[in-house]
Amino acid sequence: MIIWGSGGDVVRLGAAGTQHCATCEASREFQNVLNYRYAHLWYVFSWVTEKAYFTACSVCGRGTRHDSKAFEAQLGRTPIPHYRRFGGLVLLGLVASVVVVAMVAGQRSNVREDALLRDPHVGDVYEVDLQALAPGGFDGHAWGLMRVVAVEGDKVSLEVPNTGYSKASAVYRDLDRARDDSYYSGDVLSYPKQELVRLHDHNDISDVHRL
């Protein structure tokens with residue numbers, strides 16, 4: 001669940017001396033003030049959406065707005081707390097880290113699966129796009145499991161399952177059943193090892209299990 005919202009704050013930056021206030025029509029104490037707004041996710045990751053520096057009357061709050069860059073240069077700092085300014089960058093960094101980890105894990109998984117396809121063993125189970133490996137065997141587009149039943153030189157023989165699914169995610173629940181002979185139709189198709197690697201590169205073989 002994504003919790004998002006916005007907020008604001010006022011930072012008082014100190015006295016600016018006594019000046020004539022045109023609104024109050026009197027001599028008033030003025031202060032330097034920063035008003036800012038921010039957006040947030042989960043109340044933790046936030047970023048500034050608007051900021052304005054003023055020299056304002058301490059009574060009516062009216063005054064002169066300043067150029068933000070020039071005023072911050074004069075202050076020598078940005079008075080907005082770091083967690084308000086950089087929370088969004090932290091979130092982006094976390095997202096980027098997760099993406100990098102997933103990419104590295106995916107690359108390692110692909111390397112492992114390619115190695116298993118180049119050295120297949122009887123009993124290996126492949127999650128496959130049945131339309132690509134067994135075209136016409138199922139009504140419509142289907143995904144399923146095929147099992148290695150023989151390896152003869154460069155040729156790998158795969159059993160065709162009895163069941164295909166319209167969604168690839170549904171295949172995972174059949175992994176325990178994939179050990180049973182009754183799960184398969186008895187039809188066998190043969191492929192060169194290099195063809196299996198090519199099918200994997202095109203994601204027609206999406207995963208390899210050595211049960």
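## A charge over a ring

The charged end of Arg-84 is placed over the ring of Tyr-38, at 3.9 Å from the ring centre. The model in which this arrangement occurs is a predicted one.

## The four-stranded sheet

Strand β2 belongs to an open sheet of 4 strands, ordered β1-β2-β3-β4 and paired in the antiparallel sense. Its edges are formed by β1 (4-21) and β4 (63-66), each of which pairs on one side only.

Strand β3 (residues 45-57) is joined to β4 by 4 bridges in antiparallel pairing. Within this part of the sheet, Tyr-53 has His-66 of β4 as its bridge partner.

## Aromatic pairs

The structure contains 4 aromatic pairs. One of them joins Trp-42 and Phe-45 in an edge-to-face arrangement, with 6.4 Å between the centres and 85° between the planes. The pair counts as edge-to-face because the angle between its planes is over 60 degrees.

The two partners are classed separately by accessibility. Trp-42 is partly exposed, with a relative accessibility of 36%. Phe-45 has a relative accessibility of 17% and is therefore counted as buried, the limit for that class being under 20%.

A polar atom of the Asp-124 side chain lies 3.0 Å from the backbone nitrogen of His-121.

Beyond its neighbours within four places in sequence, Asp-124 is in contact with Leu-116, Met-146, Arg-147, Val-148, His-209 and Arg-210.

## Val-149 in strand β6

Val-149 is found in strand β6, which spans residues 143-152. With 30% relative accessibility, Val-149 is classed as partly exposed.

When residues up to four places away in sequence are not counted, Val-149 touches Val-122, Ser-157, Leu-158, Glu-159 and Val-188. Val-149 and Asp-181 are separated by 32 residues in sequence, and their C-alpha atoms are 10 Å apart in space.

Methods: Residues numbered from 1 in each chain as written. Predicted model: local features only at pLDDT ≥ 70, side-chain atom pairs only at ≥ 80, totals over all residues. Heavy atoms only, no water. Pairing = 2+ DSSP bridges. Helix = DSSP H or I, 4+ residues; strand = E, 2+ residues; numbered from the N terminus. Phe/Tyr/Trp six-rings, centres within 6.5 Å; stacked < 30°, edge-to-face > 60°. Buried < 20%, exposed > 50% of the residue type's maximum accessible area, 1.4 Å probe, protein only. Lys NZ or Arg CZ within 6 Å of the ring centre and 35° of its normal. Polar contact = N/O pair within 3.5 Å; in protein donor to acceptor, adjacent residues only side chain to side chain. Contact = heavy atoms within 4.5 Å.
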